[in-house]
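The sequence and structure are shown first.

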Amino acid sequence: MPVGPFMLWPGVYRVGGGVSAPRLISSQPPEYSDEARLAGIEGEILVQIAVGEDGMPRVYSVIDRLGYGLAAKAIECVHRWRFSPGTLNGKPVRVAATVQVSFRLQPLQIGSR
């Protein structure tokens with residue numbers, strides 16, 4: 001028996017049953033908090049979002065945390081991302097997604113003169 005669309009939260013669909021996933025079309029790397037940079041923290045944070053019919057993400061929760069203020073930086077970062085919305089029967093709908101925000105320290109580049 002086919003399964004129809006399933007709402008994960010009120011007004012927010014889960015992918016499957018005719019609901020397509022949103023696609024990331026624009027992203028930027030996250031900024032580091034000063035304390036995380038000084039501590040040399042690297043890793044990933046998972047953020048559960050709902051992508052609106054307009055392609056704008058709304059953050060619902062941070063799943064994994066690294067501490068050092070990076071959860072707040074991950075949320076700020078994801079708010080700047082843009083998506084093409086998920087669809088149901090060809091029409092844009094709000095769809096839940098989990099995105100990964102990676103924090104990687106770049107080696108210090110020393111230029112020569």
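The sections below describe a predicted model.

## The E4–E5 hairpin

Strands E4 (residues 43-51) and E5 (residues 57-62) run antiparallel and are joined by five bridges. Within this pairing, Ile49 has Val59 of E5 as its bridge partner. Five residues lie between the strands of the hairpin, and Gly55 adopts a positive phi near 85 degrees.

## Salt bridges

The model contains five salt bridges. One of them pairs Arg104 with Glu44, with 2.2 Å between the closest N and O atoms. Because Arg104 belongs to the segment after strand E9 (95-103) and Glu44 to strand E4, this contact ties together parts 60 residues apart in sequence. Arg104 is partly exposed, at 42% relative accessible area, and Glu44 is partly exposed at 27%.

A salt bridge also links the side chains of Glu53 and Arg94, at 3.5 Å from N to O. Glu53 sits in the loop between E4 and E5 and Arg94 in the loop between strand E8 (91-93) and E9, so the pair connects parts 41 residues apart in sequence. Arg58 and Asp54 form a salt bridge whose closest N and O atoms are 3.0 Å apart. Arg58 has a relative accessible area of 36% and is partly exposed; Asp54 is partly exposed at 48%.

## The loop residue Ser27

Ser27 is located in the loop between strand E3 (23-26) and helix H1 (34-39). With 44% relative accessibility, Ser27 is partly exposed. Its C-alpha lies 8.2 Å from that of Cys77, although Ser27 and Cys77 are 50 residues apart in sequence.

Technical notes: Residues numbered from 1 in each chain as written. Predicted model: local features only at pLDDT ≥ 70, side-chain atom pairs only at ≥ 80, totals over all residues. Heavy atoms only, no water. Pairing = 2+ DSSP bridges. Helix = DSSP H or I, 4+ residues; strand = E, 2+ residues; numbered from the N terminus. Buried < 20%, exposed > 50% of the residue type's maximum accessible area, 1.4 Å probe, protein only. Salt bridge = Lys/Arg side-chain N within 4 Å of Asp/Glu carboxyl O.
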